[in-house]
Amino acid sequence: MTPETTPGSCAPASARRRAGLHTLCALALLVAVGLLARRHWPVLESGALRLAVADHGWLLVGASAAAGTWVASALAQQGAVPHRLPAGRLVAAQFAAGAANQVLPAGLGAGAVNLRFLMRCGLPAGRSAAAIAVKGTAGALARGALMAVLALSCPGAPRLPHVPRAAVAVGTALAVGTALAVGAAVALRRTRCRAVLAAVLADIRSVHARPARAAALWGGSLGFALLHAAVLVAVTRAVGLPLPPGLVTLLYLAASAAAALLPTPGGLGSLDAALALALTTAGAPATAAASAVLGYRLLTVWLPLVPGLVVLGVLVRRGAL
C-alpha cells in the first residue's frame with residue numbers, strides 16, 4: 001500500500017476538502033451579504049447613525065440581557081446532564097460556543113464546543129452527543145410553545161405576506177426532497193439511529209427523574225429565548241421604535257425560526273433579513289428596523305466575538321475543550 005492510499009492520509013485529505021468547502025461557502029455568503037448591503041446602503045447608513053445616538057440606558061439593558069443568555073444556555077446544558085458540571089467552566093464554554101457558532105452554520109460550532117466540553121468533563125462521546133440533542137430539542141419546543149402563546153395573545157401580530165404559488169411549489173418540492181433524503185439516510189443507518197435514539201430517550205428519562213435537572217433544562221431553554229428577545233426589545237426602545245414587547249418577542253421568535261431554514265454561520269444575512277422584514281411588516285420604518293437589527297447584532301455577536309474567541313483559545317490551551 002502506497003503512502004498516498006494509507007488510511008491515515010485519507011482523513012487529513014478529507015478534512016482539507018471539507019475545510020475548503022466551508023471556506024468557499026463562507027466567502028460566497030460574505031459576497032452575497034456585501035452585495036445586499038451595497039444595494040441598501042442608504043438605509044443601513046441611516047440606521048447606523050440612528051443607533052449611534054440611541055438611548056444608552058436601554059442599550060445597557062440590552063447588553064445585560066445578552067450576557068444573561070450565556071448563563072441561561074449553561075443552565076439548560078446542565079439540566080440536560082444528570083451529572084454535576086463545573087459551573088464556571090460551563091458558563092465560559094457557552095461564551096466560547098457563541099463565538100464558535102459564527103464560524104460554522106446551523107449551530108455546528110456551538111455543538112462542537114459543547115461536545116468537547118462534556119467529553120472533557122468525563123462523559124462518553126455518545127452521552128455527550130445525547131445531552132446536546134436533549135438541550136436542542138428542549139430549546140426548540142420551548143421556542144415553539146412560546147411563539148404559539150404569543151401568537152394567540154398578541155393582538156398586533158402581523159399577518160403573513162402573500163406567498164406566490166410558484167414559491168410554495170418550490171418550497172414543497174424542496175421539503176419533500178429533503179424528507180426523502182433524510183429517510184434514505186435513516187434507512188441506511190437504522191441500527192445506529194436506533195442506538196442513538198435509545199440513548200437520547202434514556203437521558204431524557206434520567207433528567208426528568210430529577211425535578212431540579214428538569215427545571216434547569218426547561219427554565220434555561222425558555223430563558224435563553226426570552227433573553228435574546230429582551231435584547232431586541234431593549235434596542236427597539238433605544239432607537240425610539242414604539243412596538244409592544246410581546247409583539248417584538250413574537251417577531252424575534254418568528255424571524256429566528258425562518259432564519260433556521262437557511263443555516264448560515266451565526267445566522268449571518270438570513271437572521272438579519274428576517275428580523276428587518278418582520279419589524280417592517282409590523283409597521284416599523286425601514287431606518288428604525290435597520291437600527292434595531294444592527295443594535296441586536298452588535299450586542300449579541302460583534303462585541304462578544306473577539307472576547308469569545310480569546311476564551312475559546314484559553315479553554316483549549318488549559319485542556320477544558
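Accessible areas here come from the Shrake-Rupley method with a 1.4 Å probe, and for residues only the protein chains shown count as cover. On that basis, the protein chain exposes about 17800 Å², of which carbon and sulfur atoms supply 72%.

Before going further, a word on what you are looking at. This is a predicted model, in which local features need pLDDT of at least 70 and side-chain atom pairs count only at pLDDT 80 or more, while totals for chains, interfaces and linings use all residues. Residues are numbered from 1 along each chain as its sequence is written, and side-chain values use heavy atoms, leaving out hydrogens and water.

The protein chain has 12 helices and 0 strands, where helices (H or I, at least four residues) and strands (E, at least two) are DSSP runs numbered from the N terminus. How confident is the predictor? The mean pLDDT (confidence in each residue, from 0 to 100) of the protein chain is 77, and 67% of its residues reach 70 or more. Helix 3 has the highest mean, 94, and helix 7 (residues 165-188) the lowest, 48. Over residues 174-188 the pLDDT is below 50, and this stretch has 1 contact (heavy atoms within 4.5 Å) beyond near neighbours in sequence.

Let's start with helix 3. Its 24 residues (56-79) reach 35 Å from first C-alpha to last, close to the 34 Å expected at 1.5 Å a residue; the expected span is 1.5 Å times one less than the number of residues. At the N-terminal end, aspartate 55 caps helix 3, with a side-chain oxygen 2.9 Å from the backbone nitrogen of glycine 57.

Helix 4 (residues 87-100) also agrees with expectation, because its 14 residues should span 20 Å and its end C-alpha atoms are 20 Å apart. Its buried residues (under 20% relative accessible area, with exposed over 50% and partly exposed in between; 1.4 Å probe, protein chains only) include Leu90, Phe95 and Ala100. Their cover includes helix 3, helix 5 (108-120), helix 6 (125-153) and helix 12 (286-317).

Leucine 275 touches Leu232, Tyr252, Ala255, Val293 and Tyr296, not counting residues up to four places away in sequence.

Methods
Polar contact = N/O pair within 3.5 Å; in protein donor to acceptor, adjacent residues only side chain to side chain. pLDDT = per-residue confidence, 0-100.
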